[in-house]
Amino acid sequence: MDGALTLGNERILKIAKKYYDWAKPIISLGKNEFKKAVDWVPEFDGRKNDVEKAGTLSFDTAMLGTFPGTGTITVAFACAAFDLAPESVVMSQNLGSAIALFCDNSPDLSIKEKKKEIYEDAAAVLIYAVSLSLSEDMYTEKSLGPLVALGNLFLDMEKYEEAKHLFTTARRLDETYMPAVEGLAAYYKAVKKPQLAGMVREGAKKNPTGCGRSANEIDKNVKKATEISQKGDANEEEMEKDMDKAETVEAPNYGDLFDSIDQATAAKIRNNRKELNNRMVITVPNLDILFPFTDITEDNQISVKSAVAAVAEEIPKLIKYMKRLPIGAAHRDADILENTGIGDFYVRGMKFHDFMRDAANNPQKYEDSKINAEGKIRTDNANKFIKDIKDGIAETTAARHGMEGGDRFGKNLMRTAAKAEAVLFPLSLNPFKYANAWDILLQQYNAMPLIRKRTLLFGYMAEILRKRSKILFEVQRNYHREYGEINDIFKRELDDLKERYQKQIDIINKMISDCDDQGCGRCKSLSKRIDDLSDQHEVDKHKLHLKYYPQLNQCTKRFWLEGTGVAIVMYKKLERNAPRMYKEVMKHLVYISDEKVRAEQEDILVGTIAQSIASAIGLVLGAYGMGEILRIEQCGCDFQATDELEERLKKEKKEKDYEMLMRQKAARDSFKSGAVDENSAFYKNYLKQWEYSFDVGFFKYKVNDHFTTTHLNIDLKLGSFDYSSFQSNITKAGSVKADLTLKLEKQGVDVKGEATFGFTYVWDKNGNPHPDGFDLRAGLKATASLGPIETEIGISSSVREGFNATAGAKVSGEQGPVSAEVGVTASTKDGVDANAELVVSGEYGPATGDAKVSVSTKDGVDASVSAEVSGSKGPLQGEAKASASLQGGVKASAEAKMSGNEYIDALKEAALGETLAENISLPNFDRELWGGEYSSKGDE
């Protein structure tokens, strides 16, 4: 036996060297990979023994054998692996199968002409593999693979009886070994005995691996694929569960082939397959840069915009993958039209399927979109296709019920269905009619999981997008509706505000335009009123901004949170499941040997995923672009000016309100005391005619129904005496006041002295003294002047005010329009104050004015400017004053006088009415009541 092995070894080594030398020079596909793997120079001398490295090459050999057009490199790998382990059953079997495959798959006609020689070499190698599997001249489990591979080769060589013997021998070793069952069935078909072929298959349970794993285990694994995505209306939760199941459905691979022969090699093959699966990835753009922003604020919206811009750049990157979808689909659809024979269409002189392929690969050629097509749908072919599908289903159903003429394995059905779905075509083949039966088996057992997982993935992505796009559309619609409602109210109030102020301004402008002298004081006052109204409009407009911007922002924030939350969940689901299901589909797709079908399927797979991800990113961007926070700075108002306007208007209103309050208080106090303004028309028209009064030198007396007054004023040689009393004839309240002043002047010296004595007494309506109505006072004061220097010393004492002593001195002078003064004062009550003042005065026509700068240790520094204009026109006399001060701000006042009747006529002509009623207080227009003279004052 050993001698026979030695002779066989030498012969097989020569065969290996022959095919290595034959194949290596013409290797084109995978040339670089071959050089990396075969990094030594095979000598084929039988001296090497590296089983581990040979196992790696064995895996490469088995994988390459599944793809068309790879016979040359496959046989080169097989030869190199055999050089490393020439006494390995597996390496020998691989070499024999690769040599046969080299002949079957080679496009080189010169090689096919040497078919007989090549087949005989392959048979010699396989016989050698069988001999290596023997143990004590007995077949072993390792003999199964070489026996069946040799039997299949004998069928191709038409050595039918030899083939039958080999298949029968393998079945005796293991009756469940399906390659042997299928080989024996193929023999009966080859010798025209199909009934026996069916009987052989009927008794055996199909085992996709043929070795290693049990038939039950493999069938159970493959059956899982049929449990995936059975429901057409499955929701996303059910589909996610199906995806979890899908990951448990493994792809039968070449590791199964070696499981019972060489478990170490099988494990290594599976590990290599696992590593390959891990490299089959599709990268989904990561949007983590965007997802932290589930809330929108003024602070982060710039960051959000930057993140959105960065994410938007991902869509163009996906377009190159999305293009693969129409290309792959166009190729597939063209093949379906051609294979099913639905019609003959010609576009631009090309058959329709050729045009579709060309347009998908070269879209720029058809940018003009002027496409003329002619042809017709061939319903007879379409009907035949449908009939073939129905017949195939009927044959399969009949076989399952034990009826004659049935097709138990549904191969006719699959052959017809493959016209529309090319991946199904391997299911219509008999694996053992081919030199590499394992390739067909792998395709058959990966076709169904491939279709199931692909359908599940596409359905899941479509459901995710459909459901979330509907929700996001509803969120965006509600957002725009609610935001629009708030914004409409906002704009309406702005328009109403503008219209209201504009009406007032128009009325005042009409009053100015109707005036004969538009430079008069009245027109200037009205112009000032227009400026105030414009200022108030700006203030009120900004208040509306402050009111509605927060409402609009709150609306945006609420819907932003809702919309982005939906978008994030949607994208996270796709981000997790699309890559893993891509890998699940691809691990079956790699076993589809037809390179064109495999490429089309991968194009459709990658393109569909890219298109779904692009759509998802579009929805995410839609959610994140739903609105932005309005910053109050964007309203267009001049904040500083508006604040100053508001502050000024508040201050003016406060001053007016205070002034009005004081007038009302004085009026109330006067009314309570019975006093009436003697300058008022009421007094002149109704009281004065019933009044009795007389003046006798220094004594004045007046009495009427409301009050009685007495006034005595006597000028003395050294001073004066002043006495006054008031008695209300209505409330009986009254008061008495008396003051005596004594003066002393020294002749020839500018020195003066003064002494004062006085008292005040006030009683209420009941005759009781008022709590603060009594005062007794006395004082002394002396002044002296010496050129520009003046001094003053004084003391005073009062029951109400207490004691106070004062002293002061000042120096003053003037030069032309400039005057200056420096002084010091001291008081027991107010302390010490040092002060200085510089004044420049002048006049121009009816206008006078001055500028003043003052410094005081008590009041600080102040600079002021004041001007005054007075004049008259007809019955109207007027005066206007304006001043500006660091401490007092800006003030303006005006006073006008005219006779009563003319005053009323002027007001009626102005037609102020209700328009200015809220800003200007007017008396009731009663000509008799308001006859006479009336003066009006106003500070602005």
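Residues are numbered from 1 along each chain as its sequence is written, and side-chain values use heavy atoms, with hydrogens and water left out.

A word on confidence comes next. The mean pLDDT of the protein is 76, and 73% of its residues reach 70 or more; pLDDT is the predictor's confidence in each residue, from 0 to 100. Over residues 65-69 pLDDT stays under 50, and the model has 14 contacts for them beyond four places in sequence, a contact being heavy atoms within 4.5 Å. Residues 205-218 also stay under 50, here with 37 contacts beyond four places in sequence. Where pLDDT is low, the predicted coordinates should not be read in detail.

As for the overall make-up, the protein has 27 helices and 19 strands. These are DSSP runs numbered from the N terminus, helices being H or I over at least four residues and strands being E over at least two. Of the 940 residues, 40% count as buried, where buried means under 20% relative accessible area, exposed over 50%, and partly exposed in between (1.4 Å probe, protein chains only). Among contacts with a separation of 6 or more, 58% are between residues 24 or more positions apart.

Now for the inside. The largest nonpolar core has 66 residues, and the members touching the most others are Y571, I609, I613, I617, V620 and Y624. Such a core is a set of buried Ala, Val, Leu, Ile, Met, Phe, Trp, Tyr and Cys residues joined through side-chain atoms within 4.5 Å. Several helices each supply at least two residues of this core, including α13 (236-246), α16 (301-312), α22 (437-514), α23 (521-589) and α24 (595-624). The largest share, 14 residues, comes from α22. Leaving aside residues up to four places away in sequence, Y624 touches L290, F291, F293, V304, V308, W560, T564 and I568. A second, separate core has 64 residues, among them L84, A98, A122 and L153.

Helix α23 is also where H537 is found. With a relative accessible area of 15%, H537 is buried, and beyond four places in sequence it touches L497, K498 and Y501.

What about the cysteines? C79 sits at 0% relative accessibility, so it counts as buried, and C555, at 1%, counts as buried too. A search of the whole structure turns up 0 disulfides, a disulfide being a pair of cysteine sulfur atoms within 2.5 Å.

Strand β12 (residues 802-815) pairs with strand β13 (residues 818-827) in the antiparallel sense over 10 bridges; two strands pair if DSSP finds at least two bridges between them. T806 has S827 in β13 as its bridge partner. The two strands form a hairpin with 2 residues between them, and G816 in the turn has a positive phi of about 65 degrees. Next, β13 runs antiparallel to strand β14 (residues 831-844), joined to it by 10 bridges. Here T825 stands opposite D833 in β14, and a hairpin through 3 residues links β13 to β14.

Some backbone angles also deserve a look. Most residues other than glycine have a negative phi, and most peptide bonds are trans. F44 is not a glycine, yet has a positive phi of about 55 degrees. F44 lies in the loop between α2 (31-37) and α3 (51-64) and is buried, with a relative accessible area of 8%. K192 is not a glycine either, and its phi is positive at about 65 degrees. The loop between α10 (178-190) and α11 (194-202) holds K192, which counts as exposed at 72% relative accessibility.

Finally, K17 belongs to helix α1 (residues 2-23). At 37% relative accessibility, K17 counts as partly exposed. The C-alpha atoms of K17 and F82 are separated by 9.8 Å, with the two residues 65 apart along the chain.

How values were computed. This is a predicted model: local features need pLDDT of at least 70, side-chain atom pairs count only at pLDDT 80 or more; totals for chains, interfaces and linings use all residues.
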